[in-house]
Amino acid sequence: EASLLNTVLDESAVEGYDSRAKVFPPLRPSADVDAVVAGLADGTLDAISREHNPQTELDKNQTFDRAAPGAITLQLVLPTVLQLVRDKKLTLQRAVSLLTRGPSQVVGRRELGRLQEHVPANFTVIDLGRAWQLDATSNKSRSFNTPLWEQPLKGQAVLTVGEGRVVHDAQA
């Protein structure tokens, strides 16, 4: 299992002691990031975790050594992983598996990540090319702490069905 931010950011993100980049596990050297991505691509690692750990502004707006580790990541999972696909570090098929079947198997729920007849559907429709950025308008979290704040992103969920019901519709 690989931590999401550790697949796209290295320790250079904390230059200037930006507390938004203080996460756990900590960001590593670029060689480590490359090794994690290679492990995702070759099957050594079988899932990408979403270490969504929002912190209050008070807890993050501290000197780097006193700031709480953590960042919001839920809305960033898809565009971050799709960037690995665009960079030709993962195939789209492998990326989808790392976000669906891989996590369900890690938690022992092998029946998840599949569409089956007579079983309530769980799926997400994505727009691979939708350009956006996480900012005060698009953010769904109560927190704002992420090193990817206001960065250009591409790819977004446009429809999510959980237990057979629409739970997210970007068009609504």
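Predicted model: local features only at pLDDT ≥ 70, side-chain atom pairs only at ≥ 80, totals over all residues.
Which residues have the most contacts inside the largest nonpolar core? Hold that thought for a moment, everyone, while I cover the ground rules.

Residues are numbered from 1 along each chain as its sequence is written, and side-chain values use heavy atoms, with hydrogens and water left out.

Now, back to the core. Leu40, Ile48, Val81, Leu90 and Leu99 have the most contacts inside the largest nonpolar core, which has 15 residues. By nonpolar core I mean a set of buried Ala, Val, Leu, Ile, Met, Phe, Trp, Tyr and Cys residues joined through side-chain atoms within 4.5 Å. Buried means under 20% relative accessible area, exposed means over 50%, and partly exposed is in between, using a 1.4 Å probe and protein chains only.

At least two residues of this core come from each of α1 (30-42), α3 (77-86) and α4 (92-99). The largest share, six residues, is supplied by α3. A quick word on those labels: helices (H or I, at least four residues) and strands (E, at least two) are DSSP runs, numbered from the N terminus.

Let's zoom in on leucine 90. Not counting residues up to four places away in sequence, leucine 90 touches Val37, Leu40, Ala41, Val81, Leu84, Val85, Ala95 and Leu98, where contact means heavy atoms within 4.5 Å.

There is also a second, separate core of 13 residues, and Ala21, Ile72, Trp132 and Leu134 are among them. In soluble globular proteins, nonpolar side chains tend to be buried together.

Trp132 brings me to serine 138. Leaving out residues up to four places away in sequence, serine 138 touches Gln75, Trp132 and Gln133. You'll find serine 138 in the loop between β3 (123-133) and β4 (152-162). Is serine 138 buried or exposed? Serine 138 counts as buried, because its relative accessibility is 18%.

The peptide bond from phenylalanine 24 to proline 25 is cis, with omega near 0°. Proline 25 sits in the loop between β1 (2-3) and α1.

Histidine 118 has a positive phi of about 65°; look for histidine 118 in the loop between α5 (101-106) and β3. With a relative accessible area of 76%, histidine 118 is exposed. Glutamate 163 has a positive phi near 55°, and lies in the loop between β4 and β5 (165-169). Glutamate 163 is exposed too, at 52% relative accessible area.
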